[in-house]
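Student: I am new to this structure and would like a close look at one part of it. Please take me through the salt bridges.

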Amino acid sequence: MARLRSRDAGGGGKTGLPPFQPVQLASLVDTVPTGSRWLHEMKYDGYRTMLAVGGGEARAYTRSGLDWSDRFAGLIEDAVRLPVGSALIDGEAVVLDADGRSNFQALQGALKGAPATIVYYAFDLLELDGENLTQLPLVERKARLETILGKAAGRLRYSEHIAGSGEKLLNQFCAAGLEGVISKLADARYVGSRNGAWVKTKCIKRQEFVIIGWTPSDKSRLFRSLILGVNEDGALRYAGKVGTGFDTDESFALMEKMRPLEQDVPTVKAPRAEVRGAHWLTPRLVAEIAFTEMTNEGTLRHPSYLGLREDKKPEAVVLEIEGSAAEVSASKSAVKISNCDRVLYPESNVTKGAVADHYEAVAPIMLPWIGSRPISLVRCPQGRAKKCFFQKHDAGSFGDAVRHVAIAEKDGHEEPYLYIDTPDGLMTCVQMGTIEFHGWGARIEDVEKADRLVFDLDPDVGLDFEAVRSAAFKFRDILKSIGLETFPMVTGGKGVHVIAPLTPRAEWPEVKDFAHRLAMAVAQSDPDNFTAALPKVQRKGRIFVDYLRNQRGATAVMPYSVRSREGAPVAAPISWKEMETIDTPAHWHVGDAPELIKRAASKALAGWGRASQELPDL
């Protein structure tokens, strides 16, 4: 087995490069929230970027974890000079126009030929000199960030904020032609999901749309307009056309990108008069579009093209809908749970209400793991002892809080897979009788690239937990020897998952092949304790290394999910130190949410699931 060649797979330390972690997301609201507990910042018009600094180097990641260090070389150059041992900084890469306003189209041009003009506004600090800061209040994190960046006017700049008076700030920004305001709860932790602690209010409506075709011009060889689509109920639908916003150079560049994507069949159903002569495209390109409003027919009014979005995949493009600031930022889900007294676990009298209380409590620590990831549900509406079933698609019964992402099946047609990204989405599933949540090894931003390896160590009947514990440590050491850092998760069943977070770069065929060959190699090197044989008759007295979770469409139980097993156990990630003494893979149960939340906030467990390692060669 060869060692990891390219990246430091370490996880922190005072000089180690901090790994990427999921970014905090803001919900769109109709008004700026009021009150002094909110901090308000400028909404920048650029690319969300996370800067990791440590070990004498730095890297820049997109919001989905792609390494764009080469595109932001100037920012990297300045980041390595920061007076820190290590740091993980969240912010926005932008280009400023002559009036000092961030300009998305100018950023697009800079990425093609003038990277020195790109600056970075930092607005959060997640790690400093090996210390995890995500559990600190936002105001404390920003105070440390300001100390690091100072008042310098270089390419790395501190994003200022004000407390209160958000509506007045929005009016000033809109009058100045800026994009809007981001409002953040001053005492909120950084949880890496969309939980209502951050909200955004826009001066003009704008968001991403998928380019699904173009109509020809009768005056030139170029196009007249781009045909746009957006994902809804797991499929693309027609969202209108855009015919303004591109100059000649951009039009030629777009034609070069669109020609290889042309297809004979229409990409979506659309009014014939609006798409006459259309050249349809395989949906691969995403564009940022400004518009005044959405018509009753679901199409854009007065749209204008702003630029391509290479950091977002077509599958993740859904229509943003404004919510009430008060409702979005409420600490508890607005979903009402019915039949709370219904007993779901007859052997222990655990009710639907108790399961719902668990999920509502752990939502802040569970959503960073499960949010924006295709999921399958184990639904047991009448209890675990009665009929339970898996569900990964929605027939329309879940409502708006449970989202859909269109994913191509083997025969080429697309199906709407479920995903959630808010507490309301989580609790809607619970209200519909869900007990277990299982997730893909990839996020909706790019379902074709894995962000984790999962090896399920499944003991044969008769083996005790000591055998599982020993196997987990052996497997950890094997993975570490080839450069993969891991953490264990007790599943609430009888086995343990050994999980290696990944930067989402390798695609599923490569990931599956790696997992299969590694499992076979482990079984061959220690055949008395491990097997990778699929037939159960060949697993007698050994630990089965289940590598099949590392393939497209496969799922694994998610952290903090309840299991539909006797006693209502809960899956939970743990440290390798805890693995030495934990008594059973079903150590925690419904009712233990306070302890699970406290553990998730501890310094020792701060690095769970964060990725800056790539798939090594075997």
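This is a predicted model: local features need pLDDT of at least 70, side-chain atom pairs count only at pLDDT 80 or more; totals for chains, interfaces and linings use all residues.

Tutor: The structure contains 46 salt bridges.

Take Asp 421 and Arg 194, which form a salt bridge with their closest N and O atoms 3.5 Å apart. This pair links distant parts of the chain, 227 residues apart. Asp 421 sits in the loop between strand E25 (414-419) and helix H8 (423-431), while Arg 194 sits in the loop between strand E10 (180-185) and strand E11 (198-202). Asp 421 has a relative accessible area of 6% and is buried. Arg 194, at 18% relative accessibility, counts as buried because the cut-off is under 20%.

Next come Glu 288 and Arg 206, whose side chains meet in a salt bridge at 3.0 Å, N to O. Here the link is between strand E16 (residues 279-291), which holds Glu 288, and strand E12 (residues 205-216), which holds Arg 206; the two residues are 82 residues apart. Both Glu 288 and Arg 206 are buried.

Arg 373 counts as buried at 6% relative accessibility, and Asp 451 is buried with a relative accessible area of 14%.

Finally, salt bridges with shared partners join Lys 43, Asp 45, Glu 179, Arg 206, Glu 288, Arg 309 and Asp 311 into one network.

Methods: Residues are numbered from 1 along each chain as its sequence is written. Side-chain values use heavy atoms; hydrogens and water are left out. A salt bridge is a side-chain nitrogen of Lys or Arg within 4 Å of a carboxyl oxygen of Asp or Glu. Helices (H or I, at least four residues) and strands (E, at least two) are DSSP runs, numbered from the N terminus. Buried means under 20% relative accessible area, exposed over 50%, partly exposed in between (1.4 Å probe, protein chains only).
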